[in-house]
Amino acid sequence: IAVSQIRNFSIIAHIDHGKSTLADRLLQATGTVADREMKEQFLDNMDLERERGITIKLQAARMDYTAQDGQQYVLNLIDTPGHVDFSYEVSRSLIACEGALLVVDASQGVEAQTLANVYLALEHDLEIIPVLNKIDLPGSDADRVGQEIEEIIGLDCSGAIHASAKQGLGITEILESVVLLVPPPEDNTHKPLRALIFDSYYDAYRGVIVYFRVMDGLVNKGDRVRLMASGKEYDIDELGVLSPNQIQVGSLHAGEVGYFAASIKAVADARVGDTITLAKARAPEPLPGYAEAKPMVFCGMFPTDADQYPDLREALEKLKLSDAALKYEPETSSAMGFGFRCGFLGLLHMEIVQERLEREYNLDLITTAPSVIYKVVLLDGSEIYIDNPSTLPAPQGRDHIEEPYVRLDIITPEGYVGALMELCQTRRGTFKDMKYLTPERTTLMYEMPLAEVVTDFFDQMKSRTKGYASMEYQFIGYRTNELVRMDILINGDAVDPLASIVHRDKAYYMGKALVEKLKELIPRHQFKIPLQASIGSRVIASESIPALRKDVLAKCYGGDISRKKKLLQKQAKGKKRMKSIGTVDVPQEAFMAVLKLD
Ligand code: GTP
């Protein structure tokens, strides 16, 4: 296929605005997927995604299209994940394209996450085609939403396409616009090979399957390729295109999108953003913009049953094969025994991994509250990074602590501004800016410690705005704050996974709220259990759980052994998801209590 007949594009949309439905329509309209083969939402093919109704991993599809000018085109749709945790992957898939459809729900309007991706696309000079979707809905107002896009993004919406992905309206117009407005790739086939990896996944039989866009040159089946960032070399066993099922081809040239398999053992060896070149005729420079995903959020994971530790290690090793961003290292806690400290891109990533470990590997885990990574400057000026609050050096051993800050952008209906500002205030946010987008909608900008965002900020924002506000955040650097480590003592023993790093001004309030919460969550035992919060050796709050009066076994009159066993079994069942710390059984919820103090 000639380069002039190729169009590479992606779809930028907020969650639920109809990206997957539209993608399905495009596949159907171009005959890429026959109607009867059409599973709902072809592009999202991971179970978890389907269940949650969100796109986590990106995929691609190649469509053959005969346009109204009578010519044959190849349209490559590159899907992007819809969540901030994966914004680096979004940026890589966008630079693999020359254009993007900006899909906005005409009954809703532009949302925060959409904006971030549109700006990314504009930065990379992509042609952006506005599509106002869901015009079949009675509440839709395409003109108002078009105006909003012009106002916020400065994109001319006079020619915006009015569409209903659900009813199949506007689909031909979208395909024609892609052909007419998205520029073809540059014809760089004569240059040395450079191809951009925009996604990969692990296949148990063929090894890692790498999705890429050829930027320069030509790649053939059987070629020995070199990955420029990792420095590793592989022979291409299988080369193909995604239509959207894999179909093998002999070669792919500049402008084309495809996949290859080369017995690569782990996705970490073929990372998103890396450049593929030929081992024998290397390109002098890799493509710009490669970065390794950095974990931002950490938590401890411990098996409820210590015997499951080897299984947990094996499960993490396996998950790591398909998840380059996942980090983990062994952690031993006097309270919890053996487990792992794990690092994630963000909260969603963390939840996905936890859920997969439990569902796919049948593990029973206790996970500790998420924490961010702190920079501690020691007295001699050296810096260390702390991802586990319980390892924070004592005050006399350090000069100061810095914590990660983010810029937070929120878009909300005007009526909730007050409630949101109050929320941001209590989360140590610094107000930066506020703008009216339209008379009804407002954007708020704050700078805020990431630690305050990774607690339940998102849920709080949603519940205070009846789900109408949307947010997006970006790391902006480290800042010094008066931070202290707060320890929790149960029955007189410090429980390290319950330690947290908090701002000095909030410590008293949080200590009090936390021990009260733990009193609710930890069941009564045969004995009284004192609970304390302390900073250093100073106790700042205390409570106690009264002893249980009734002995379950007392009812058995000492006689019937089988009855006694049954009762104990019943009790054991109720104890699921508990961790014995000393002589106290602590339920999973207690480890997350620090997130629920508002
Ligand atoms: P993510 O995969 O999470 O990014 O969501 P998405 O943007 O792919 O949204 P999806 O296509 O899953 O659509 C969300 C919901 O909107 C689904 O219930 C669709 O049936 C519905 N929907 C999509 N397009 C239209 C439309 O044109 N009209 C109406 N009425 N509903 C639509």
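Student: Which residues of α4 are buried?

Tutor: This is a predicted model. In it, the buried residues of α4 are A112, Q113, T114, L115, A116, N117, V118, L120 and A121. That is nine of the twelve residues of the helix, so α4 counts as mostly covered.

Student: How should I read the positions along a helix?

Tutor: An α-helix has 3.6 residues a turn, so residues three or four places apart point the same way.

Student: What should helix α4 span at 1.5 Å a residue?

Tutor: Helix α4 covers residues 112-123, and its twelve residues should span 16 Å. The C-alpha atoms at its ends are 17 Å apart, which agrees with that expectation.

Student: Which residue takes a positive phi just after α4?

Tutor: D125 does, with a phi of about 60°.

Student: Now the sheets. How do strands pair?

Tutor: Strands of a sheet pair through backbone hydrogen bonds, either parallel or antiparallel. One case here is an open sheet of eight strands, with antiparallel pairing. Its order is β11-β10-β16-β7-β8-β15-β12-β13.

Student: Which strands are the edge strands of this sheet?

Tutor: They are β11 (233-235) and β13 (246-248), each of which pairs on one side only. Ignoring direction, neighbouring strands of this sheet are turned by 40° against each other on average.

Student: How many bridges join β10 to β11?

Tutor: Three bridges join them, and the two strands run antiparallel. Strand β10 consists of residues 224-227. As one example of a pair, R224 has D235 in β11 as its bridge partner.

Student: What is the order of the open sheet of four strands?

Tutor: The order is β18-β19-β17-β20, and the pairing is antiparallel. Its edge strands are β18 (327-333) and β20 (365-367), each pairing on one side only. From one strand to the next, the twist averages 30°.

Student: Which residue in β19 is the bridge partner of Y328?

Tutor: The partner of Y328 is C342. Strand β19 spans residues 337-344, and seven bridges join it to β18. These two strands run antiparallel.

Student: Last, the surface. Which residues make the nonpolar surface patch of about 290 Å²?

Tutor: F431, M434 and Y436 make this patch. Y436 lies in strand β24, which covers residues 430-436.

Student: Why is Y436 called partly exposed?

Tutor: Its relative accessible area is 48%. Buried means under 20% and exposed means over 50%, so a value in between is called partly exposed. Y436 is therefore partly exposed at 48%.

Key. Residues numbered from 1 in each chain as written. Predicted model: local features only at pLDDT ≥ 70, side-chain atom pairs only at ≥ 80, totals over all residues. Heavy atoms only, no water. Expected span 1.5 Å × (residues − 1). Buried < 20%, exposed > 50% of the residue type's maximum accessible area, 1.4 Å probe, protein only. Patch = residues over 30% accessible without salt bridge, like charges linked within 9 Å, V, L, I, M, F, W, Y side chains within 5 Å. Areas by Shrake-Rupley, 256 points an atom, 1.4 Å probe, with all protein chains shown as cover. Salt bridge = Lys/Arg side-chain N within 4 Å of Asp/Glu carboxyl O. Pairing = 2+ DSSP bridges. Axes fitted to C-alpha atoms, helices over the stretch in contact; angles between N-to-C directions.
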